[in-house]
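Here are my notes on this one, jotted down as numbered points. Have the model open while you read.

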Amino acid sequence: MQNAIELKNICKSFPGVKANDNISLAVKRGEIRALVGENGAGKTTLMNILYGLLQPDSGTIEINGEKCEFYSPMDAIKSGLGMVHQHFMLFSELSVVENIIYGMEPQNSGFIRKKQARNEVIELAKEYNLEVDPDAKVGNLPVGVQQRVEILKALYRKAQILIFDEPTAVLTPNEQIGFFEMLRKLAANEKTIIFITHKLNEVMQISHTISVMRLGKITAELKTAETNTQEISRSMVGRDVLFDLERKEINSDNVVLSVENLNVFDKNNIHILKDINFRVCEGEIVGIAGVAGNGQDELIRAIVGLSDANYIFGKIELIGSQLNHDSIKERRSKGLSYIPEDRNSVGLALQATVAENLVLGNIDDPEITRKGMLIKEGIRKFSESLRDQYLIKTNNIDEEAANLSGGNLQKVVVAREMNHQSKLLIAEQPTRGVDIGAIEHIHTQLLDHRSKNNAVLLVSTELSEIISLSDRILVMFEGQIIGESAHDEAIEESIGLMMAGVIPQGDRSNVNEN
Amino acid sequence: MKIRKSFRNLTSSFKAPVIAVIGGLLIGGIIMLISGFEPFSSYRALFDGAFGGKNSANLVGTLVRSAPIIGLALAASISFKAGFFNIGGEGQMVLGAITAAIIAIYAPFSAPITAVLAVLGAITVSGCYALIGAWLDIRFSIPLFISTLLLNYPANYFATYLANHPFRDLTTGEVQTQRIPAALQIPKIIPKTQFHAGILIIPILVFLAAYIFKYTKIGYKLRMCGYNKNFLTYGGVNTVKLEYGTLFISGALAGLIGVLEVFGMRYRYLPGMLTTPLYAWTAVTAAILANSNPIGVLFSGFLLAAIQNGGYGMERTSEVPREISRVIQAVIIMIVCAATGLKRKNVSSRKEG
Amino acid sequence: MDNTLNLLDPIFLNSIFRLVTPILLAALGGMVCTRAGIVNIALEGHMIMGCFGGVLGSYYLKSAIGGVLVGMIMSMLVALIYGILRVNFGAEEVVVGLAVNLFSTSLTVFLLRTIFKVTGTFSSPDLKGLKILELPIIKDIPIIGPLLSGHTIVVYFSWICVALTYILFFNTTLGLRIRGVGENPEASKTLGISISKIHYFAILLCGAFCGLAGAQLSLGNVTMFVEEMSGGRGWIAIVASLLGQAHPIGVFLASTLFGFVSSLSFRIQGLAGFV
């Protein structure tokens with residue numbers, strides 16, 4: 001049978017990186033192909049080339065045996081490709097129908113045939129069993145349904161080949177089951193599917209074949225039925241993944257952070273956090289697991305003091321002193337550090353120099369400023385010591401931060417926040433968008449912080465990260481902590497169930513005791 | 001190596017403004033040509049009007065004109081640099097001027113006390129007026145550039161009303177306040193010109209601001225705020241306070257410029273004395289041209305004053321309407337915008353890769 | 001003359017929509033830009049070009065409609081400059097807007113002095129103003145008659161424009177694409193929509209609307225050109241567009257409110273003069 005997609009010798013370089021190095025890939029019609037690899041392995045670049053968002057330096061693309069050149073997504077769409085992006089490309093102010101027909105509206109000399117459009121969408125949805133309300137405003141729909149709209153959008157464009165970029169990142173495990181069901185149906189309908197992910201259990205569940213990428217190259221082509229997760233992860237990282245990091249045994253009852261009966265009503269007066277109770281003790285890493293958008297952001301913002309909520313009820317205490325009405329500065333001086341999720345828009349000032357980014361939290365120190373004046377020499381010494389200690393790759397601490405790579409930027413944030421040796425460190429997605437070497441470095445730093453009798457509150461949507469680092473794991477679902485599990489008894493499966501809102505029997509009382 | 005790099009930085013930061021000025025003059029020339037004027041002799045007249053004259057009288061005139069422009073551009077730059085787009089300098093200046101004039105005319109104290117009171121009163125009123133914009137931004141998220149711009153209108157109307165009704169000088173036929181006492185008038189330091197001692201304060205303020213931005217903690221905070229306000233909030237700095245503070249200082253400085261114009265130039269407030277010459281708008285141009293750099297404002301403000309002052313000279317000798325200088329000014333901003341826009345586009349396309 | 005504030009006075013009623021129209025048309029222009037994701041603050045500059053172009057065209061073509069067309073063309077030329085800077089060069093839109101305003105006000109004064117050889121104001125018997133048209137039947141209804149009837153063709157056309165922009169936004173492919181580009185340009189791009197084309201369309205349409213607004217000012221409300229005669233209406237139009245949430249009906253209501261308030265203030269000022 002003819003291949004639906006055939007990529008031959010694709011190369012693509014960016015300044016300093018060979019993102020795709022002589023990649024060849026062939027996928028048959030009706031096949032579900034998983035494309036796996038760590039962050040920065042070059043998966044997204046490859047798919048962007050296939051979808052016409054980027055042009056390769058060399059190499060060819062063949063669709064159904066025909067050689068194609070894609071200069072824009074439009075060219076790719078015309079050849080029967082559709083892409084469901086990780087961050088949905090939807091118009092939240094427009095209706096479902098408007099979103100789906102956008103750009104190829106059924107029309108009569110410029111006027112949209114609204115009735116026809118609506119009927120077409122309803123029929124399409126029926127054909128593929130993708131239920132949606134055609135008139136709903138997309139912004140009001142849950143993410144799972146929004147993803148359906150994205151898929152319908154591609155199908156409406158007669159897509160024969162569907163590319164999914166990290167499709168499950170935003171879904172609850174329950175929604176995932178439905179999603180996989182849908183993928184199988186699509187494949188049965190002769191659609192070809194490429195599925196980008198780095199979650200191996202999903203790969204095993206859904207794919208027919210697997211392509212593994214590492215550092216811009218394809219390192220393995222496997223049949224799912226004939227392989228196992230160990231083999232895949234070896235090809236992904238070049239060796240077996242060590243899940244068990246070394247950790248010092250610490251048993252302390254000294255509470256660092258205590259949150260009692262926390263209830264938060266956000267700026268639209270929605271009850272976003274409900275009766276949150278937990279503690280973090282000295283020498284403990286507490287991980288908060290959960291699908292993105294279940295209240296983790298609001299919880300962290302309430303603790304850190306960045307909340308824009310209307311009402312915050314309950315007690316937040318840091319080493320016995322109540323934080324509720326403190327400014328961010330007071331909270332920080334009481335012993336709180338924070339690695340924010342969004343490093344570019346919160347954690348850093350990209351146009352400022354590396355040094356200026358490093359001194360932010362220490363701006364009142366006597367080595368940095370005296371009587372309102374900056375001390376140049378002090379700033380230089382301080383920044384250079386941090387640079388060396390945290391292995392930040394930069395020629396010059398007076399370089400503009402924007403010139404640094406993502407991993408190095410994250411190291412700047414980590415260096416600045418860890419350097420305070422605060423009693424409590426809050427780390428939010430500390431390794432997102434960071435290469436493997438940097439991930440290991442950051443993980444070691446977090447454990448190091450713990451071993452110095454400090455507390456760490458870790459928020460991550462990467463379950464493996466949470467499980468390998470945390471002493472205790474709290475699971476958040478719809479604004480509540482619905483379950484807890486200790487490091488040694490943490491099972492990915494049961495936590496996964498809790499992330500979907502399924503409370504294990506007998507666990508409820510456990511939570512309240514905390 | 002280090003010297004070469006800093007030289008490259010210097011030339012690259014001057015490149016866009018220089019191209020913009022040349023482009024502005026070029027397009028101005030084309031407009032003159034189309035309108036039937038001879039651009040070369042007109043520009044010679046403009047140059048002469050800006051820098052020439054007997055005993056360089058025109059140069060002194062340009063300097064005098066540049067003083068309020070540089071002062072207001074500095075006021076604008078301070079807020080721009082911190083990321084707050086205060087373009088209400090005109091209204092803030094007008095309120096400062098009328099406040100100072102009224103205190104100077106009516107306060108029953110000795111001259112030194114009155115002078116201090118007038119300056120304090122003016123900067124308080126102007127600073128507080130600028131705070132309204134900050135409040136609307138913080139409380140209701142109304143964009144600062146819209147609120148400060150619209151607030152220019154009521155300030156002007158109110159000042160005109162005051163000069164027209166309660167505080168009008170009824171002995172003259174004009175709509176204006178009385179003259180301020182002679183003891184409060186700032187003396188001229190170059191005879192037979194308008195160059196008064198108050199102008200000397202402007203470069204001092206410029207260097208002070210440059211020093212503060214570069215070497216102090218508050219300067220660091222302001223610069224970081226301009227780069228990324230969230231970053232500063234996250235770092236524990238109270239950015240709400242910072243916004244109020246910045247707007248107050250920016251407004252107060254604009255008010256001080258208004259005081260200088262009243263005490264050093266006209267010795268009274270008359271409607272239009274600050275608005276008709278478009279000081280505030282020229283100042284915004286100067287600030288943009290200098291990329292909000294205080295020292296840069298010294299050059300850009302002087303340059304724009306020269307073009308404007310030259311425009312008057314040109315009008316006298318070659319009959320080209322002086323508005324051409326404002327057209328040139330507008331074209332200069334457009335080219336600066338285009339250049340920075342292109343640069344940003346290039347940077348973001350590089351980042352995407 | 002009566003010294004009380006009579007809101008049913010036909011002269012007052014008739015003045016309302018005369019004052020509403022320039023704001024409304026400019027606000028519709030601003031609304032189209034807002035929907036396309038552009039904060040266009042150059043409305044004031046476009047409008048003054050429309051004012052001047054209106055007078056220029058009317059004087060030389062000896063026709064008021066010719067004047068309106070020249071006004072629209074001149075405003076659209078300035079809009080084109082704005083578009084080139086905003087779309088092709090990616091310039092900062094607020095600053096470019098300010099530059100275009102300064103450019104237009106100064107250029108109109110410059111041209112006033114080079115073409116008509118006057119300063120301040122230009123009026124001439126050769127200048128053809130827009131004719132007042134009475135609406136049949138409606139003109140005889142009390143209150144409604146003087147309110148709605150007895151206006152220039154531009155006033156009536158501005159009402160049609162409200163309907164036309166509504167249809168544009170909610171019934172045409174172009175309108176859907178404008179709304180999409182404004183909300184999520186990235187997504188529009190991946191679906192093959194040219195953001196530049198949509199932006200140019202919005203900017204030029206805005207120019208046309210503002211030109212019309214300016215021509216109504218200089219050929220409808222009065223028949224002359226005065227330096228800076230747009231007098232801040234471009235800014236009020238921006239506020240009207242924001243207040244009306246960039247929806248044609250909302251913009252119409254907001255503009256009507258502002259026009260009503262300004263005609264009321266003229267009225268009160270007029271009365272104060274008599275007291």
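1. In what order do the strands of the open six-stranded sheet of chain A come? The order is E6-E9-E10-E3-E11-E12, with mixed pairing (strands pair if DSSP finds at least two bridges between them; strands are DSSP E runs of at least two residues and helices H or I runs of at least four, numbered from the N terminus). E6 (81–84) and E12 (217–223) of chain A are the edges, each pairing on one side only.

2. A quick caveat: this is a predicted model, where local features need pLDDT of at least 70 and side-chain atom pairs count only at pLDDT 80 or more, while totals for chains, interfaces and linings use all residues. Residues count from 1 along each chain as its sequence is written, with chains lettered from A and ligands numbered from 1 in the order written.

3. Inside that sheet, E9 (residues 161–165) and E10 (residues 192–197) of chain A run parallel, joined by five bridges. A:Phe164 has A:Phe195 in E10(A) as its bridge partner.

4. Chain A also has an open four-stranded sheet, E14-E13-E16-E17, with antiparallel pairing. Its edge strands are E14 (271–281) and E17 (321–322) of chain A. Two bridges link E16 (residues 311–318) of chain A to E17(A), and A:Glu317 stands opposite A:Gln322.

5. Over in chain B, the axes of H7 (residues 201–215) and H12 (residues 294–318) come within 8 Å and cross at roughly 150 degrees (axes are lines fitted to C-alpha atoms, for helices over the stretch in contact; angles run from 0 to 180 degrees between N-to-C directions).
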